[in-house]
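Open the model in your viewer and keep the sequence panel beside it. The tour below goes from one selection to the next.

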Amino acid sequence: VGTVNGTRYYNDSIATTPESTVVGVEAFSEPKILIAGGYDKGLPFEAMAKAISSKLKALILIGVTADKIERCVRETGTVPPIYREKTLQDAVNRARAISAPGDVVLMSPACASYDMFLNFVQRGNMFAEMVANLK
């Protein structure tokens, strides 16, 4: 959705399952900051955590699944820095603060959006607007 200070931001809001988030993370070779979390559909996060924990520069969690995802990531033994934020705006601000030129910020939540948004489209559009406002 944009580049700010050499960091590229990607909207993968449609990634509402852990498996789709793994695919998103694996699509990039650059250092990755992942924004994840949201509504709890009752899906397991253990396999996702094992697949991505060692591939992240940082993990920013939001929503009701934040505790569940963080616990699964910590259980892998390879734990990137984890940040907990209350809103998507706070997550975007945190990502900007910890990113460096060449990094990728990927909003790929692994969860539905219903705890904070009407649907994944609204969540993605709001993410794009937030990134545009960083410039």
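Is Cys111 buried or exposed? Select Cys111 to begin: its relative accessible area is 1%, so this cysteine is buried. Keep in mind throughout that the model is predicted.

**The two cysteines**

How many disulfides does the count come to? The count comes to zero. A disulfide is a covalent bond between the sulfur atoms of two cysteines. For the count, a pair of cysteine sulfur atoms has to lie within 2.5 Å. The cysteine sulfur nearest to that of Cys72 belongs to Cys111 and is 11 Å away, and Cys72 is in no disulfide. Seen from the other end, Cys111 is in no disulfide either, with the sulfur of Cys72 as its nearest, 11 Å away. Cys72 has a relative accessibility of 5% and therefore counts as buried.

Now step to Ala110. This residue sits in the loop that runs between strand 6 (104-107) and helix 5. Ala110 has a relative accessible area of 2%, so it is buried.

**Helix 4 and helix 5**

Select residues 88-98 for helix 4 and residues 120-134 for helix 5. How do the two run relative to each other? Their axes come within 10 Å and cross at roughly 45°. Helix 4 and helix 5 are therefore oblique to each other. The crossing in which helix 4 passes helix 5 is right-handed.

To see what makes the contact, show side chains. On helix 4, pick Leu88, Gln89, Val92, Asn93 and Arg96; on helix 5, pick Arg123, Phe127, Met130 and Leu134. Colour this set by residue type: five are nonpolar, two polar and two charged.

**A loop at the other end of the numbering: Asn5**

Finally, go to Asn5, in the loop between strand 1 (2-4) and strand 2 (7-11). Asn5 has a relative accessibility of 56% and so counts as exposed.

Technical notes: Residues are numbered from 1 along each chain as its sequence is written. This is a predicted model: local features need pLDDT of at least 70, side-chain atom pairs count only at pLDDT 80 or more; totals for chains, interfaces and linings use all residues. Side-chain values use heavy atoms; hydrogens and water are left out. Axes are lines fitted to C-alpha atoms, for helices over the stretch in contact, and angles run from 0 to 180 degrees between N-to-C directions. Helices (H or I, at least four residues) and strands (E, at least two) are DSSP runs, numbered from the N terminus. Angles under 35 degrees count as roughly parallel, over 145 as roughly antiparallel, 65 to 115 as roughly perpendicular and the rest as oblique. A crossing is left-handed if the near helix is turned anticlockwise from the far one by less than a right angle, and right-handed if clockwise. Contact means heavy atoms within 4.5 Å. Ala, Val, Leu, Ile, Met, Phe, Trp, Tyr, Cys and Pro count as nonpolar, Asp, Glu, Lys and Arg as charged, and the others, Gly among them, as polar. Buried means under 20% relative accessible area, exposed over 50%, partly exposed in between (1.4 Å probe, protein chains only).
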